[in-house]
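Subject: Structure handover and notes

Hi there,

Here is the structure I promised to pass on. Please have it open while you read the notes below it.

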Amino acid sequence: MLLIACNGPPPATKPIAAAAELAAAPVSAPAVVEPTALTDDQQRRDAAYEALARTVVDAYANWIGWYSPLIANWSPDGTQFLFGSLRDGTPQIYAGDPGRPADPPRAITSGPERASWASFTRDGKHILFLRDNQGDENYHIWRIDADGSSQIDLTPDESQMILEPMLPRERPDMLVYSTLALPGSGTGSRVLVQNITGGPPRLVFSAPTSGSLGGVTPDGARALYFEAPAPHDTVLLELELAAGTSRRIYPPAGKLAAVHTAAYSADGARILVTTDEGAESSSLLALDARSGEELARYTHSSPPSARLGVLVSPTGDHVIINIDAGNHSALRVLDARTLALVRPIEAPLAQVWSGAFRPDGKEFSVLISRPDHPPDLFAVDPSRDDLRPLRDDPRPGLAGLPAVTATIAEVPAHDGLTIPINVYLPATGPDQPVARRPTLVMFHGGPAWSSEIRWDEFVRFFSALGYAVLEPNVRGSTGFGRAYEMADNREKRADWLKDLETVNAWTRAQPWCDPARVAVWGASYGGYTTLMALTRHPTSWRAGVDVFGVADLKTFLRTTAPAVRNGLEVEFGNLERDAALLEEFSPMRDVDKIVAPLFVYAGQNDPRVPRSESDMIVQALRQRGIPVEYMVALDEGHSFDRRENKIELLTRTARFLADAMPP
């Protein structure tokens, strides 16, 4: 499953975590290109943006990690919850009191390295969390006593990406987790079982392709495993953990379908599967765990193209459905036996994701992210639709930011499809004239991903500077149906290129846009999109910002693990058989056509898109004398997690764009 997405946190309904296993060791070591040394004048002008950048960054999210999002995991007695936060400058884990949301939380982890995901053990004696080193994604599982003492690395010998562990409810000693290959660590994926008290893990399953765990039975006997060769082609297996055997659950042999999430019922007798059924469908199926017979179903019709995710109450009464409609999300409460709708969870136009149920099933955690407020945590009583805050943190600078409005435009594509575009504009009074604004068009990562209406530090920062900011969900984006998601594959990427042209033309025609000041911006696959826009439509864009984007598909695929390369064939083509196709859709083929100034950011330790891709594009532009500014963060990977790095990226790009697009 693909691949380089870095767009923000994926809920359970985003592509399964096999997207995470990327780069294998480079075939050859390219020459390192030096980052740009700033002049005194550039540093002085960067400093002019610093106060605003710090205000936006310090209005921190109570959430961490698009890799393994943590949304309030509860203690066994429900008196505490663990959550991630950026409040101290790096992603770390904290414990809060659900009855005292205004009290300062207790830090469980601290810097300098980021933490991702955390959970109390089933007996409440310990806390487990994931941590890597300088963004390298070589995550290890750490155990710490519940009081914060006796920290220990449970997986010191691992050199692979460890995905979110599973903790069987009835086995407080048991840990089940899957891993994905990192550079030099082999290929494919593995499933391991380990004792929480320590000791070596036991390998129970391995596969040559990418995959990840989806759930485990309460007694720890069986587990669900996603085999994911491509975003639209997923096979759900059930593993017998003692014997190491597997059997196919869904879809039936010979049928292609996307399986978005899966979970066991509270008693382990059913398997709940969210799927597109190989068509334009959004369904939750309840399957008998032994026979595979369909026992109940829920079909979502508004919109029918949405991706669904599932959260199961441990008491067996409710099921929560996450609805990912691409540019917004919502929640529904279902009856666990019949899958009939009980009630919707009312929320604004925003990013809304479910987290975890309290062990007694009386509440579950929810994350809500709005354009004018960072992601924050709430608890919901599923029997009453009762939303209450789990955190009430002061963010002094938030109220002082200029207001922003968020709407969704629908733009006709060249072939009759509709391109949804999130539009963020600085708010104006009813009597104020429409101002022609510099405009940023920000493309998401993926490709199988989407941009939801939400809080985004870059959107908020630039809208406060007076920019209009757009987030197009061009073809290939998720949440708008199976056909739309697959409409950019292989040769169809030519239609995707036409979408970029359509978005540019529509943007320049809007009354709030200064057509002479339109810039393209993207991270990861969005960085690749930026480079393709600048090479294929060079005079349409005044400037570009490429954040760890792919410059050459062939060199990129050569540095990728074989399992991921196989998944990428669906999107881009086979490295051996489709060299001409990969050449056609690589930015480096037409790098000599770039005329717009370009800002490039890379993380030194990026295991997904190696720094060499950024070096390549910077070197090519420097040789031609095209203005290019290059920032390399030595302590980041496929990320800009650290507070000071994020502030530097904001201030430098603000100064760069002001220079590249003067009024």
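First, some housekeeping. This is a predicted model, in which local features need pLDDT of at least 70 and side-chain atom pairs count only at pLDDT 80 or more, while totals for chains, interfaces and linings use all residues. Residues are numbered from 1 along each chain as its sequence is written, and side-chain values use heavy atoms, with hydrogens and water left out.

**Helices**

Let me start with α1 (residues 40-47) and α11 (residues 643-660), which pack at an angle of about 110 degrees with their axes 8 Å apart. The axes are lines fitted to C-alpha atoms, for helices over the stretch in contact, and angles run from 0 to 180 degrees between N-to-C directions. The two helices α1 and α11 are therefore roughly perpendicular (65 to 115 degrees; under 35 is roughly parallel, over 145 roughly antiparallel, and the rest oblique). On the α1 side, Gln 42, Arg 45 and Asp 46 are in contact (heavy atoms within 4.5 Å) with Thr 651, Arg 652, Arg 655 and Asp 659 of α11. The contact of α1 with α11 has five charged and two polar residues, and no nonpolar ones. For these classes, Asp, Glu, Lys and Arg are charged, Ala, Val, Leu, Ile, Met, Phe, Trp, Tyr, Cys and Pro are nonpolar, and the others, Gly among them, are polar.

Helix α10 (residues 611-624) spans 21 Å from its first C-alpha to its last over 14 residues, close to the 20 Å expected at 1.5 Å a residue (the expected span is 1.5 Å times one less than the number of residues). Its buried residues (under 20% relative accessible area with a 1.4 Å probe, protein chains only; exposed is over 50%, partly exposed in between) include Arg 611, Glu 613, Asp 615, Ile 617 and Leu 621. The buried residues of α10 pack against α6 (525-536), β34 (543-547), α7 (553-558), β35 (598-603) and β36 (628-633). Just after α10, Gly 625 has a positive phi of about 80 degrees.

**Sheets**

Two strands pair if DSSP finds at least two bridges between them. Five bridges join β5 to β6 (residues 126-131), and Phe 120 sits opposite Ile 127 in β6.

A further open sheet, also of four strands with antiparallel pairing, runs β17-β18-β19-β20. β18 and β19 share six bridges, and Thr 274 has Leu 284 in β19 as its bridge partner.

**Backbone spots to look at**

Where are the cis peptide bonds? One joins Ser 302 and Pro 303, with omega about 0 degrees, and Pro 303 lies in the loop between β20 (294-299) and β21 (307-312). Another runs from Gly 446 to Pro 447, with omega near 5 degrees.

Glu 277, in the loop between β18 (270-275) and β19 (283-288), has a positive phi near 55 degrees although it is not a glycine. Leu 339 is not a glycine either, and its phi is positive at about 65 degrees. Glu 277 counts as buried because its relative accessibility is 18%, and Leu 339 counts as buried because its value is 2%.

Best wishes
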